[in-house]
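Here is a short briefing on helix packing and a chain contact. Please keep the model open while reading.

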Amino acid sequence: MIEFHLDTHSGVSPYLQLVHQVRRSLRLGLLDVGDQLPTVKDVVAGIAINPNTVLKAYRELEYEGLVAARPGVGTFVTKTLGDGSAASYGPLRQDLQRWFAKARRAGLDDESIDALFQDTFRSAAREGVA
Amino acid sequence: MTSVVKAVGLGKRYGRRWALSDCTLDIPSGHVAGLVGPNGAGKTTLMQLVVGLLAPTTGAIEVLGTRPPASPAELARVGFVAQETPTYTALSVADHLRLGAHLNPTWDAALADRRIDRLGLDPRQRAGKLSGGQRAQLALTLAIAKRPELLILDEPVASLDPLARREFLQDLMESVAEHGLTVVLSSHLVADLERVCDYLIVLAAARVQLTGIVDDLLASHHRLTGPRRDPRRLPSDEEIIQASHTDRQSTFLVRTDAPILDPAWTVEHVGLEDLVLAYMGQATDTDRGRRPALAVRR
């Protein structure tokens with residue numbers, strides 16, 4: 001079972017935060033097929049959040065095919081995100097490390113690297129490359 | 001979705017001062033609606049109009065399909081906890097529950113007992129001896145045990161410490177999940193509202209400035225930062241809520257449903273707190289007859 005938390009200063013809407021947290025747990029292998037997500041009542045009582053927000057997050061995950069609701073029982077994981085992507089993480093990470101080293105040799109500090117990375121990521125996403 | 005509170009052109013005047021004017025609202029059922037605004041914006045007036053403690057000067061209001069104040073049967077469908085969560089200081093916790101059972105035709109005694117037990121309140125304790133948090137929980141228990149369809153809470157957490165506040169909201173949300181009731185809750189604490197509310201009403205200067213489903217509002221507002229630009233040169237479908245300029249840079253808070261394509265802008269999410277403050281600021285700026293778009297800061 002995972003536990004949710006909420007960052008009210010992130011500017012990301014609460015339901016998306018819950019969706020991201022489940023996806024992250026799936027990616028990191030903290031959640032596996034067959035695992036149950038906390039019940040709406042538990043989440044609500046745990047972090048003082050609107051029940052509709054939890055329902056909306058679970059519906060979104062269901063729509064993505066990651067979980068399925070069994071009426072009267074709960075919501076269960078039906079698919080993980082780990083398998084396909086984890087295999088390709090290694091080489092990609094190496095590429096990225098090489099690039100970071102290169103950026104450092106070019107004299108960029110942490111903040112400049114982050115700004116350049118974010119900016120490129122965003123413009124690539126805009127062009128539909130990423 | 002059916003509406004729980006519906007107001008059209010609602011207004012309330014005290015002498016020459018309008019506490020609330022031209023208020024048009026439609027709160028759908030099943031939501032937890034947050035009512036925010038500066039002091040004196042008309043929040044309490046609006047809540048008292050909803051529960052029928054006040055009669056409107058202009059306009060019309062319908063609550064659960066009828067006009068307040070309604071018959072006792074209709075009143076049983078609405079729960080109300082006034083500011084400062086009032087209780088009777090000389091009466092014990094058990095007396096309060098007995099009173100609730102006598103006054104409310106739909107009283108759920110088992111629910112009330114269960115809540116008091118879980119909160120760890122001593123039934124023999126006088127309400128005057130309870131802490132602020134316990135008193136608020138007692139008032140909430142009374143309001144929930146009458147099993148209303150609509151619950152109105154006027155700043156229920158204002159006087160509570162952060163821990164009591166969190167516990168109160170956890171409890172309230174649990175009741176919403178369990179009984180599916182609609183809640184209207186006023187508060188200054190936007191961080192709390194962001195957690196518990198999925199519907200927002202911003203009141204300022206006696207008027208409704210913004211209303212809607214929180215996720216929709218957050219999705220349609222953006223902060224644009226970029227090289228200085230004349231606000232008139234923004235696309236017409238981007239409504240400017242807030243603008244500030246330095247000699248080189250412009251920052252706009254805009255409302256639009258269309259994607260922002262202009263590559264000159266850095267586009268950011270707007271948090272609920274910034275959104276609320278922007279709309280409150282807009283109201284006071286217009287009050288002073290100053291257009292926010294012309295404010296220049298060097």
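Axes are lines fitted to C-alpha atoms, for helices over the stretch in contact, and angles run from 0 to 180 degrees between N-to-C directions. Helices are DSSP runs (H or I, at least four residues), numbered from the N terminus. This is a predicted model: local features need pLDDT of at least 70, side-chain atom pairs count only at pLDDT 80 or more, and totals for chains, interfaces and linings use all residues. Residues are numbered from 1 along each chain as its sequence is written, while chains are lettered from A and ligands numbered from 1 in the order in which they are written.

**H4(B) and H5(B)**

- The axes of H4(B) and helix H5 (residues 132–145) of chain B come within 9 Å and cross at roughly 160°.
- That makes H4(B) roughly antiparallel to H5(B); angles over 145 degrees count as such, under 35 as roughly parallel, 65 to 115 as roughly perpendicular and the rest as oblique.
- The crossing of H4(B) with H5(B) is right-handed (near helix turned clockwise from the far one by less than a right angle; left-handed if anticlockwise).
- On H4(B), B:Leu111, B:Ala112, B:Arg115, B:Ile116 and B:Leu119 are in contact with B:Gln137, B:Thr141 and B:Ala145 of H5(B) (C-beta atoms, placed from the backbone, within 7 Å).
- By class, this contact has five nonpolar, two polar and one charged residues. Ala, Val, Leu, Ile, Met, Phe, Trp, Tyr, Cys and Pro count as nonpolar, Asp, Glu, Lys and Arg as charged, and the others, Gly among them, as polar.

**H3(B) and H4(B)**

- Helix H3 (residues 93–103) and helix H4 (residues 109–119) of chain B have axes that come within 11 Å and cross at roughly 160°.
- H3(B) and H4(B) are therefore roughly antiparallel to each other.
- Their crossing is right-handed.
- B:Val93, B:Leu97, B:Gly100 and B:Ala101 of H3(B) meet B:Ala109, B:Ala112 and B:Ile116 of H4(B).
- That contact has six nonpolar, one polar and no charged residues.

**Buried face of H3(B)**

- B:Val93, B:His96 and B:Leu97 are the buried residues of H3(B) (20 or more other C-beta atoms within 10 Å of its own; exposed if 12 or fewer, partly exposed in between; C-beta atoms placed from the backbone).
- Down the axis of H3(B), the buried residues fall within an arc of 95°, so they line one face of the helix.
- These buried residues pack against H4 and H5 of chain B.

**Chain B against chain A**

- Chain B has 20 residues in contact with 18 residues of chain A.
- H6(B) gives the largest share of chain B's side, eight residues.
- That side divides into 10 nonpolar, three polar and seven charged residues.

How values were computed. Helix = DSSP H or I, 4+ residues; strand = E, 2+ residues; numbered from the N terminus. Contact = placed C-beta atoms within 7 Å. Arc of directions from axis to C-beta.
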